[in-house]
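Reader: I've got the model open in my viewer and would like to talk it through. Could you take my questions one by one?

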Amino acid sequence: MLRKSLAALCTALLFSAASLVNASAQTTALPALHTEGNRIKNSAGTNVTLKGVSVIAPEQNDVCTDCNNKSINDLIDMTVSNGWNSKVLRLLVTEAIGKDLNAYDATYIKPYVDHAVAKGLYVIIDLHLVRNYGDAAGAVPQADVKGFWDFIAPRYANNPNVLFEVFNEPIAPDNWATWKSYIQPVVNSIRSVASNVILMGSPSWSTRLNGALTDPITGGNIAYVYHLYPNQGPATAANLDPKFGTASATLPVVLTEFGWDPSPSADQVTAGTTSGWGLPLRQYLDARPQIGWIGWIFDNFWAPVWFDKNWNLLSGEYQGAFMRDWLAGAPATSPCSSHLARGATVTASSTYDATSGAPKAVDGSCADSGRWMSAVGDTAPVLTVDLGTYKDVSQVDVYSGYGYPNVATGTVLTAFKVEGHTSAGWVQLGSYTANTRALVSTVVTSAAIDQIRLTITDPSSITPDIARVYEVAAH
């Protein structure tokens, strides 16, 4: 769904190294894509798994007044440099309806398609509507969508780098037959001039692609879109197979949006963590190469953000570093298990028993057996992590409670502060009261630190009143 910080909340795509040349070296047209069975293939007949990122809509790139804004071309450059390995750009078109399309294309589409092609990228032109469809009041009439594609499709019909996403998120009516009757004439019109792969959304925010199993859109070269966020449930096969996984055995399927947000300000749709939702989703998709995916969103403003407002990459339970590593093909690891404080020297004011000593707080385990727990009667426990040397830490994640990620009510740290030791002494990094979250992420803006300290003033809200800490993870 469309996720935008402040204005609204709602992937360049990565192809396997076997099917694509290095983006930095590729400056000519890429092999045209087509669908065959349940796969997208290139002109050589090689299976292609679409993977990558979306960027903010060009016409809304200056909305944030306190962001360090970058041009869209700069963002495109970033997606293929500094460890990123994106191969396709999802370019959003959010305000074209009712506009002079010739001027709109010249300003907001063509310059970025050209730049992305010069970088060796495939480009999805995404008509990024999040609206009801049809003739009801407030809905998008079919004529508006058809008019857009009647203008755009002929202009990019001969560009093998370009794919068309015809309607980002139709909402209602939530009926596949009604949707097909609305969108089929649009597809027919596109097919009269262009054979580019079409990415096909569906009702209810593009979550009804199963309708195509019995009544597919006709016209050929069509892949079906699904949009996935944590509010739809856990990233398990039992949950995801009925949504789109089973369909991917028959249909070409691409997740053109998914994302999660561990911040306290996260909305109910996107609230989730890397270790609890993103990691199992990656494991699910890695095992199903027929399903393409495009992460939402390579930005510092639209949410869930991957960077802070000064373009520092967010790590830990945020998406940024995890998505970069995924695109690069790095091994899948939980931020709970791989971090700067792993194996550091730890001291605690008390310990519950011999199996829950202070070193458990940095052992890389978010299992219940990997917790430090304070002693009964220690009403203000303190845990200190010695990193050994000064390190540039940008974030500290504190995991607490019982049964992570689905923690038992009342078992998390209720009130505590996080401090860092700099060359000038201890500084407060974050302070929390009435906490109910199993994961608390603290962004670090101070100088390099060599120690991290938790001072806990309310260990939990149940009996026994003890601190239960899985991990203090530094990133």
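Reader: How many bridges join β4 to β13, and do they run parallel or antiparallel?
Author: Before that, a word on ground rules: this is a predicted model, where local features need pLDDT of at least 70, side-chain atom pairs count only at pLDDT 80 or more, and totals for chains, interfaces and linings use all residues. Residues are numbered from 1 along each chain as its sequence is written, and side-chain values use heavy atoms, with hydrogens and water left out. Strands (E, at least two residues) and helices (H or I, at least four) are DSSP runs numbered from the N terminus, and two strands pair if DSSP finds at least two bridges between them. In β13, I294 has G52 opposite it, and the β4 to β13 link is three bridges, running parallel.

Reader: Which residue of β13 does V254 stand opposite?
Author: β12 and β13 also pair, in the parallel sense, over three bridges. Across that pairing, the residue of β13 opposite V254 is G292.

Reader: How many of the residues of β13 are buried?
Author: Buried means under 20% relative accessible area, exposed means over 50%, and partly exposed is in between (1.4 Å probe, protein chains only). I291, W293 and G295 point one way from the strand, G292 and I294 point the other way, and all are buried. So β13 is largely enclosed by the rest of the structure, the buried count being five of five.

Reader: Why is α8 described as largely enclosed, and what covers its buried residues?
Author: Helix α8 spans residues 320-327, and it is largely enclosed because six of its eight residues are buried. Those six are G320, A321, F322, M323, W326 and L327. Counting contact as heavy atoms within 4.5 Å, the cover includes β4 (51-54), β12 (253-258), α7 (274-286) and β13 (291-295).

Reader: Which residue just after α8 takes a positive phi?
Author: Look just past the end of the helix, where phi comes out at about 80 degrees. The residue is G329.

Reader: What is the order of the open sheet of three strands, and which are its edge strands?
Author: The order is β1-β2-β3, with antiparallel pairing. β1 joins β2 (residues 39-42) through four bridges. Each edge strand pairs on one side only, and these are β1 (33-36) and β3 (47-48).

Reader: Where do D241 and R288 sit in the chain, and how many residues apart are they?
Author: Their side chains meet in a salt bridge, at 3.9 Å from N to O. The pair links distant parts of the chain, with D241 in helix α6 (residues 237-245) and R288 in the loop between α7 and β13; the separation is 47 residues.

Reader: How much space lies in the largest pocket, and what lines it?
Author: Pockets are found on a 1 Å grid over the protein atoms alone, as open sets of points where a 1.4 Å probe fits, with protein on both sides within 12 Å along at least five of seven lines; lining residues have an atom within 4 Å of a point. Here there are 24 lining residues, with A271, G272, T273, P405 and N406 lying nearest the centre. α7 gives the most to the lining, with three residues. The space comes to about 520 Å³.

Reader: Which residues is S204 in contact with, leaving aside neighbours within four places in sequence?
Author: S204 lies in helix α5 (residues 203-206) and counts as buried at 13% relative accessibility. Its contacts are P170, I171 and D174.

How values were computed
A salt bridge is a side-chain nitrogen of Lys or Arg within 4 Å of a carboxyl oxygen of Asp or Glu. Grid points are joined across faces, edges and corners, and a volume is the space filled by probe spheres set on the points.
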